Amino acid sequence: MGADDCVDVSCSAREISARAAAITRRTSVRPEVKRKLGSLEFAGWELQADRRQLLTPTKNIIHLTSAEYSILRCLLSNPGFVRSRSDLRYFPNKSNDDDGRPRTMDVLVSRLRKKMMSYGDENVIETVRGLGYRLITR
């Protein structure tokens, strides 16, 4: 009747604590990304996969390079979670824009941010220092 887990009377407090933490992780609220046929919606934005373009909350069209599209798709695959530079670099549909230098990914993310911020008042791609980038989908 809705139970997620069941423990025996002889369980230790440590095991019960670990199980409670696992249940909390599984049921925690994740940022919302709506998937429609051929597009992904997040925070008022819409990424159109078939056209490789981004619609702003005001329905303006932002044309994306292959690298920018690939970065956005990677961030949308797990919204709210930090993705490292190497995750972004090796995500499927990698473009030829990435020349393998360590800071190339930073420049590509910066360009994508500038495009998005010119149409919106907030930054939806957050830098997590020392780790990578995260998509904020409020």
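Select E68 and K115 to begin this tour of the predicted model. These two residues form a salt bridge, and their closest N and O atoms lie 2.7 Å apart. Colour the helices next: E68 belongs to helix α2, residues 66-77, while K115 belongs to helix α4, residues 104-117, so the contact ties together parts separated by 47 residues in sequence. K115, at 26%, counts as partly exposed.

Keep helix α4 in view and select D106 together with R85. This pair also forms a salt bridge, with 2.7 Å between the closest N and O atoms. D106 is located in helix α4 and R85 in helix α3, residues 85-89; the two residues are 21 apart, and their pairing links distant parts of the chain. With a relative accessibility of 16%, D106 counts as buried. R85 is partly exposed, its relative accessible area being 29%.

Move on to E126 and R134. Here a salt bridge brings the closest N and O atoms to 2.8 Å from each other. Both carry the label partly exposed: E126 has a relative accessibility of 30%, and R134 has a relative accessible area of 24%.

Finally, return to the whole model. How many salt bridges does the structure hold? The total is four, and those visited here include E68 with K115, D106 with R85, and E126 with R134.

Key
Residues numbered from 1 in each chain as written. Predicted model: local features only at pLDDT ≥ 70, side-chain atom pairs only at ≥ 80, totals over all residues. Heavy atoms only, no water. Salt bridge = Lys/Arg side-chain N within 4 Å of Asp/Glu carboxyl O. Helix = DSSP H or I, 4+ residues; strand = E, 2+ residues; numbered from the N terminus. Buried < 20%, exposed > 50% of the residue type's maximum accessible area, 1.4 Å probe, protein only.
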